[in-house]
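This report describes how the two parts of a protein chain are arranged and how they meet.

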Amino acid sequence: TTGLMDNFTAHFGHILSNSFYPVLERAIGVGSAFEGWSPHEQDVVYQVLIPMTPPRGHSFQLELDTAAERHVRNFRVRVQLECTSRREQQGENMLCFLHYSKKELRGKQDPSLLDTLCTGSYLDVHKTAHWFYQLVRETWSALPQSQSWRLILLPSRHSCQFKVTNGRESFRIEMLFGVRRGDSDIFVSSQPREAHTPSTTWPETYAVAEMKFFQHIAKQAPPDALHLKCLQFLTRLPLGSCFPAYSMKTLVMHRLNFAPPSEWRRRDLLERLVEIIESLGLCLQVKCLNHFIVGNQRLPQDIHLPPDVPQAKPYNLFHHLAQQPATHSQAMHDYQVL
């Protein structure tokens with residue numbers, strides 16, 4: 001997957017070098033497959049996040065959505081035109097979008113990003129996903145993998161999903177796209193966390209920071225450390241809809257941040273499992289499981305966060321249990337079964 005993404009990125013750069021579409025950086029592997037604990041190895045989806053930066057003559061401004069109280073942090077990506085008159089005077093082959101009318105630019109220069117992938121002044125997730133599909137389709141035949149693998153595009157409005165197969169094996173890949181918050185490991189991404197998310201909404205994602213946390217643990221863990229096997233075991237249990245895999249992952253990350261990797265050896269497996277299950281029970285009683293990244297001021301120093309993220313009020317992954325008594329009762333029943 002990494003090799004395929006590197007080939008895609010190289011060809012994307014060649015195709016887009018003189019355009020006014022977003023500049024695509026090297027893909028970052030995220031999610032369970034790249035963290036090393038996929039719950040269902042026979043049906044893995046390899047998720048990659050492709051950072052986007054503004055093209056020439058444009059800038060991105062991230063605006064936090066404060067219109068309503070939400071349980072996720074949503075942003076909008078405002079696209080603004082920047083003056084490039086000085087570049088033009090220096091002989092660069094580009095006319096300034098601010099100082100020439102659309103009529104003057106027509107036929108001389110490709111349209112601006114505002115005229116292609118935006119709705120109003122904001123970057124549109126659906127338009128961007130459609131553009132990605134076109135890029136992948138146009139680029140595939142130039143990749144060396146196309147000689148022995150077949151590309152099958154899969155429907156999605158918020159990402160570019162496809163499968164590659166050679167008749168014996170197949171791999172499913174999801175290309176997410178996002179904009180980095182400053183120089184941090186936090187992005188706003190195309191993957192929605194709520195139903196009916198507007199197409200100009202980009203939720204904040206912590207996938208890269210979480211992947212780096214697992215890398216940090218791997219550097220310190222002894223050879224027989226079983227923290228990933230523990231997480232894989234927990235997420236394979238038939239727990240019902242009340243305990244999604246992300247909740248179990250959050251419990252394990254909190255425990256890893258508290259107990260050093262040296263306490264996750266083979267002989268410690270049962271003790272660690274019991275601790276995690278007991279932590280789940282306590283969280284159910286108080287109807288609160290804090291997000292691992294948001295509001296956490298005890299993360300390793302090599303994970304870089306914008307100042308507002310560790311200072312923010314922790315996001316409660318179990319907020320729905322406090323609002324829905326029937327769901328909480330079902331969760332308590334499922335916990336007793338567990």
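Domain 1 and domain 2 bury about 1,600 Å² between them, 59% of it on carbon and sulfur atoms; buried area is the accessible area (1.4 Å probe) that two parts lose on being put together, summed over both. The model is predicted, with pLDDT of at least 70 required for local features and 80 or more for side-chain atom pairs, while totals for chains, interfaces and linings use all residues. Residues are numbered from 1 along each chain as its sequence is written, and side-chain values use heavy atoms, without hydrogens and water.

Domain 1 covers 1-206 and domain 2 covers 221-337, with bounds from an automatic or database domain assignment. Their C-alpha centres are 31 Å apart.

| Interface item | Value |
|---|---|
| Salt bridges between domain 1 and domain 2 | three salt bridges |

A salt bridge places a side-chain nitrogen of Lys or Arg within 4 Å of a carboxyl oxygen of Asp or Glu. Asp 308 and Arg 181 form a salt bridge through their side chains, at 3.0 Å from N to O.

Turning to the overall dimensions, the C-alpha atoms of the protein occupy a box of roughly 70 × 50 × 35 Å along the principal axes. The protein contains twelve helices and twelve strands, which are DSSP runs (H or I, at least four residues, for helices; E, at least two, for strands) numbered from the N terminus.
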